[in-house]
Amino acid sequence: MKNKKFYSLNGLIAFCVMLGGFFVLSTRAEDGYRLWLRYDRLSESSAKVYRAQIKFLVIKKSSETFAVRSELETALNGLLSEQLPVSETLVKNGALIVGTPKNSPFIGSLKLDKELAELGSEGFIIRSFKFKNLSAIVIASNGETGALYGAFHFLRRLQTGESIKNLKIAEKPKIKLRVLNHWDNPDGSIERGYAGKSLWNWAELPEKVDSRLRDYARADASVGINGVVLNNVNASAEMLTPEYLRKTAAIADVFRAYGIKVYLSARFSAPIELGGLKTADPFDEQVRVWWKRKADEIYKIIPDFGGFLVKANSEGQPGPRTYNRTHVDGANMLADALAAHNGVVIWRAFVYDMKPGYDRAGAAFENLQPFDGKFAANVLLQVKNGPIDFQPREPFHPLFGAMPKTQLMPELQITQEYLGFSNHLVFLAPMWREVFEADTHARGKNSTVARVADGTLFGQNLTGIAGVANTGTDRNWTGHDFSQANWYAFGRLAWNHEISSAQIADEWIKMTFTREPKAVVIIKKMLLESHEAAVDYMVPLGLHHQMWGGHHYGPAPWWNTYERDDWNPTYYNKADANGIGFDRTATGSNTVGQYFSPVRDEYSNLKTVPEKYLLWFHHVPWDYRLKSGTLWDEMALHYQRGVEWVRQTRKNWENLKGVIDAERHRAIAKKLAIQERDAVWWKDASLSYFQTFSRRPLPPGVEKPQRTLDEYKKIDLLDDFARGIGSFDENHQ
Ligand code: GCW
């Protein structure tokens with residue numbers, strides 16, 4: 001009897017554990033881990049249509065084709081809920097044939113050589129073929145990576161419900177190096193990272209390689225990202241030690257199958273720290289030899305190593321100027337060491353010196369433009385999208401267009417350092433598109449930033465684009481589920497900067513959340529309007545750098561205590577009794593003169609400057625009349641509009657309850673609650689402070705601040721956040 005009871009109790013426990021396990025599994029299933037590569041079964045009606053056209057898979061079985069084969073098998077079996085037969089050669093009706101002319105005799109026989117050659121090893125075609133009674137779909141490329149990209153492209157069509165009839169697709173990337181910059185440190189922390197720790201577990205590498213790295217590589221490859229800088233630009237020399245190079249090689253081994261090269265940020269003074277030399281002067285023979293040897297050592301274990309990313313003489317980092325040499329001297333020395341191995345140097349233009357009375361927005365141009373044409377062939381100059389620093393909105397960087405003999409590589413920030421971290425929903429595609437489409441007028445009309453970047457304006461061959469990554473060890477990779485959309489958007493735009501924000505949003509929503517038409521419309525609206533709304537509640541009308549010092553979360557327009565004036569929000573807003581804004585015209589710093597005409601004329605003139613850049617370029621009286629009211633009233637209304645957008649968005653999201661899985665719905669609802677609180681805080685703190693100068697009442701429709709200005713000055717929103725609503729990681733609990 002006793003025993004029986006014991007057993008039944010055990011049985012009950014086992015049952016509960018099972019049940020628990022089931023719930024863990026079923027909640028795990030929607031924890032955001034699978035990103036946009038979920039591959040859940042399609043509706044029976046869609047699956048049926050696709051199944052009629054895809055009856056089996058023809059692909060070579062070898063280690064080279066493993067990435068594409070396993071992706072297609074997993075995806076098709078999931079989406080079509082059917083185990084597809086796989087064959088190496090048998091071509092029958094309904095075959096999906098994937099490969100290169102080299103590894104697929106069938107593709108080899110199609111005489112696609114010329115077409116494929118034009119598309120390069122990353123480009124691909126997807127085409128429906130008909131031969132007598134046989135119809136088949138071919139995904140072909142000259143390279144394994146191109147075949148993989150083609151497969152992801154094809155799967156996207158299925159995931160988003162597009163037709164796969166009469167396909168005639170040919171694609172190739174517009175930009176060559178599509179690189180993520182990770183600001184990850186050897187201790188696992190991430191500078192400006194808001195989604196957990198670094199994905200690279202240096203302590204365990206190289207012996208143990210986290211299986212998550214492969215999923216990371218899949219996600220990158222699915223949007224065409226082909227390079228990853230593993231470590232922070234504020235670099236530790238340790239990364240170049242033999243020990244860390246072995247760890248790096250282990251990561252490179254995982255990424256290779258996905259067409260991804262690894263790069264490292266190189267600390268300019270490494271010859272001193274690691275090599276025991278007395279100097280890191282680029283003209284010193286021993287220094288040059290040290291870098292050459294280091295490059296040889298790296299390529300020995302990572303033959304396809306991408307190259308070095310360098311932040312030099314910027315924010316305290318060492319660089320050639322320490323030795324009275326120029327940026328070119330430094331970059332070209334490293335380029336020389338890498339050239340024999342086809343490596344590149346990505347030299348950052350984020351350089352600014354604090355001279356009394358200077359305008360930081362003009363600094364990078366002053367420091368680097370004179371070197372146009374002097375950089376070695378394997379150097380790219382990485383330029384942030386705007387002249388200051390990843391602000392919620394900046395006009396385009398005046399270096400774009402101004403260095404026709406230099407390969408400029410735009411740097412975008414995917415991680416939301418100045419945009420509410422991983423707490424605010426801010427879809428960045430519209431902001432990036434705004435930059436790409438900006439016309440520099442360097443060679444007359446249609447000299448867009450995009451055309452500088454993709455090499456078509458100045459006929460450059462080596463092109464690149466970088467995005468500062470927003471990933472970490474959080475289960476859903478990016479903290480906020482919606483921040484995944486920014487990783488996705490970066491890749492899609494790096495591949496083709498002409499894809500509209502709406503299309504990117506549409507694809508991402510359908511793959512990540514739902515294809516239910518009403519829900520897609522609502523979520524798309526949330527995404528597409530979110531950036532403008534964030535600008536409204538944080539820094540409307542061209543204001544910038546108004547964030548709390550150091551961490552950059554929350555407002556602090558009064559901040560003036562940093563020794564470096566250009567780290568103080570007051571330096572940027574210049575609010576006084578007369579008005580507000582930074583005069584960058586001839587009556588002020590005149591850095592507007594760095595733009596080509598007619599851009600500089602348009603921005604200089606109060607009448608023609610776009611309102612979104614008004615306070616970026618002008619110091620404007622409080623009672624200045626804008627299109628629909630005085631500056632003060634308009635400013636206040638912008639803040640209010642931003643707040644109202646968040647409130648409305650919360651309501652819209654509530655209405656999606658039941659359409660979106662409960663776990664992600666709940667997690668996002670919590671984030672939106674934080675965003676509303678922060679938006680109100682931003683509005684209240686900013687207007688309370690600016691009102692001390694404007695001395696005007698808030699216009700009708702603008703709510704009164706909830707606290708006093710003194711309180712806003714005292715309370716750090718980030719601290720308050722940690723004490724109040726909850727910690728960052730409560731997401732998904
Ligand atoms: O935006 C600023 C950040 C720094 C960063 C720097 C840079 C990696 O506040 O954290 O350092 O830019 O881009 O180098």
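Let me start with the largest nonpolar core, which has 235 residues; Trp 200, Phe 255 and Trp 291 touch the most other members. A nonpolar core here is a set of buried Ala, Val, Leu, Ile, Met, Phe, Trp, Tyr and Cys residues joined through side-chain atoms within 4.5 Å. Buried means under 20% relative accessible area, exposed over 50%, and partly exposed in between, with a 1.4 Å probe and protein chains only. Helix α22, residues 662–694, gives the most to this core, with 12 residues. Helices (H or I, at least four residues) and strands (E, at least two) are DSSP runs numbered from the N terminus.

Before going on: this is a predicted model, where local features need pLDDT of at least 70 and side-chain atom pairs count only at pLDDT 80 or more, while totals for chains, interfaces and linings use all residues. Residues are numbered from 1 along each chain as its sequence is written, and side-chain values use heavy atoms, with hydrogens and water left out.

Back to Trp 291. Leaving aside residues up to four places away in sequence, Trp 291 touches Leu 240, Ala 266, Arg 267, Phe 268, Ala 270, Pro 271, Phe 308, Met 333, Leu 334 and Ala 337. Contact means heavy atoms within 4.5 Å. There is also a second, separate core of 15 residues, including Ile 97, Leu 112, Ile 125 and Ala 140.

Next, the ligand. It is surrounded by 15 residues, the closest being Glu 191, Lys 311, Lys 384, Asp 389 and Glu 417; to be counted, a residue needs a heavy atom within 4 Å. By class, this shell has eight charged residues (Asp, Glu, Lys, Arg), four nonpolar and three polar. Polar contacts are pairs of N or O atoms within 3.5 Å. Asp 389 has a side-chain N or O atom 2.5 Å from a ligand oxygen. For Lys 384 the corresponding distance is 2.7 Å, and a polar side-chain atom of Arg 348 also lies 2.7 Å from a ligand oxygen. Taken alone, the ligand exposes 340 Å², and the protein buries 97% of that; the areas are Shrake-Rupley values with a 1.4 Å probe.

Now helix α7, residues 212–222: 10 of its 11 residues are buried. Its cover includes α3 (66–79), α6 (144–159), β7 (177–181), β8 (227–229), α8 (242–256) and α15 (484–495). After α7 comes Gly 224, with a positive phi near 85 degrees.

Last, Gly 588. This residue sits in the loop between β15 (579–580) and α19 (599–604). Why is Gly 588 counted as partly exposed? Because its relative accessibility is 37%.

Conventions. A polar contact is a pair of N or O atoms within 3.5 Å; within protein, one must be able to donate a hydrogen and the other to accept it, and residues adjacent in sequence count only if both atoms are side-chain atoms.
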